[in-house]
Amino acid sequence: MRRSHSGGYNYEPLPTTSSHNAFEDENEKMTEELSTKINALKSLSIDIGTEVKYQEKVLRGMVYGMLIIHLPDGPTAYFKLSNVKITPELRRNHKEITEHRPEVILTNFTTRLGYTIGRMLGALFHYEPEFKGRRVVTFHNQRDYIFFRHHRYEFNLKTGKPRLRELGPRFTLKLKSLQHGTFDSKYGDYEWLIQGRRHEMETSRRKFFL
């Protein structure tokens with residue numbers, strides 16, 4: 001309610017105690033509601049994060065093998081896949097990986113079977129590398145375990161010495177079978193097949209097949 005002085009000025013009356021308390025009650029109510037919503041969002045975020053981690057664990061557990069089929073006539077190699085580390089897990093950025101064709105290094109493939117597997121792995125990449133990109137992929141065989149690494153080499157401007165920077169991914173392969181022709185799990189003719197923990201023809205722990 002407004003009242004007019006003789007000078008023609010208007011003024012607003014001060015709020016009463018009851019209206020002031022009503023404002024405070026309303027503010028407290030809104031604060032409590034906002035706090036409840038924030039807690040609900042936090043709980044939802046935690047639940048989503050837990051679910052994402054669980055799904056990643058499930059998917060990672062599902063990826064346990066890799067097939068390499070040399071088209072059109074084979075052969076087909078099946079590997080057990082383990083110790084997988086993708087680029088973010090190595091604290092690297094995908095942007096560091098350029099589109100240049102990498103150099104391919106194959107080491108310690110010394111047997112007839114090893115030569116075959118080495119050629120199949122090398123054929124996954126172009127036979128003419130682009131040295132400008134300084135990318136290198138390595139397949140290193142050690143005791144029939146094949147370790148894959150992906151690096152970029154750099155040179156120190158002062159000393160000229162090279163150094164390697166791992167880009168990822170990294171993983172380990174274990175050959176399980178080599179099959180003639182393309183993949184056929186039912187009627188396929190196997191050139192080499194591991195059975196159980198030890199190969200059927202293995203007689204010594206010091207004998208390796210690659």
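1. Leu-71 sits in the loop that runs between strand E3 (65-69) and strand E4 (76-85), where helices (H or I, at least four residues) and strands (E, at least two) are DSSP runs numbered from the N terminus. Leu-71 is exposed, with a relative accessible area of 63%; buried means under 20% relative accessible area, exposed over 50%, and partly exposed in between (1.4 Å probe, protein chains only).

2. The model is a predicted one, in which local features need pLDDT of at least 70 and side-chain atom pairs count only at pLDDT 80 or more, while totals for chains, interfaces and linings use all residues. Residues are numbered from 1 along each chain as its sequence is written, and side-chain values use heavy atoms, with hydrogens and water left out.

3. Leu-71 also belongs to a nonpolar surface patch of about 380 Å², which is made by Leu-67, Ile-69, Leu-71 and Phe-183. Such patches consist of residues with over 30% relative accessible area and no salt bridge, like charges being joined within 9 Å and nonpolar side chains (Val, Leu, Ile, Met, Phe, Trp, Tyr) within 5 Å; accessible areas come from the Shrake-Rupley method with a 1.4 Å probe, and for residues only the protein chains shown count as cover.

4. Six salt bridges are counted, each being a side-chain nitrogen of Lys or Arg within 4 Å of a carboxyl oxygen of Asp or Glu. One of them joins the side chains of Glu-96 and Arg-165 (2.7 Å, N to O). Because Glu-96 lies in the loop between E4 and strand E5 (103-107) and Arg-165 in strand E8 (residues 162-166), this pair ties together parts that are 69 residues apart in sequence.

5. Glu-191 forms a salt bridge with Arg-112, with the closest N and O atoms 3.1 Å apart. This pair links distant parts of the chain, since Glu-191 is in strand E10 (residues 190-193) and Arg-112 in helix H2 (residues 112-122), 79 residues apart. Glu-191 is partly exposed at 30% relative accessibility, whereas Arg-112 is exposed at 65%.

6. Arg-152 and Glu-154 meet in a salt bridge (2.9 Å, N to O), and both residues are buried. Arg-152, Glu-154 and Arg-163 are linked in a network of salt bridges.
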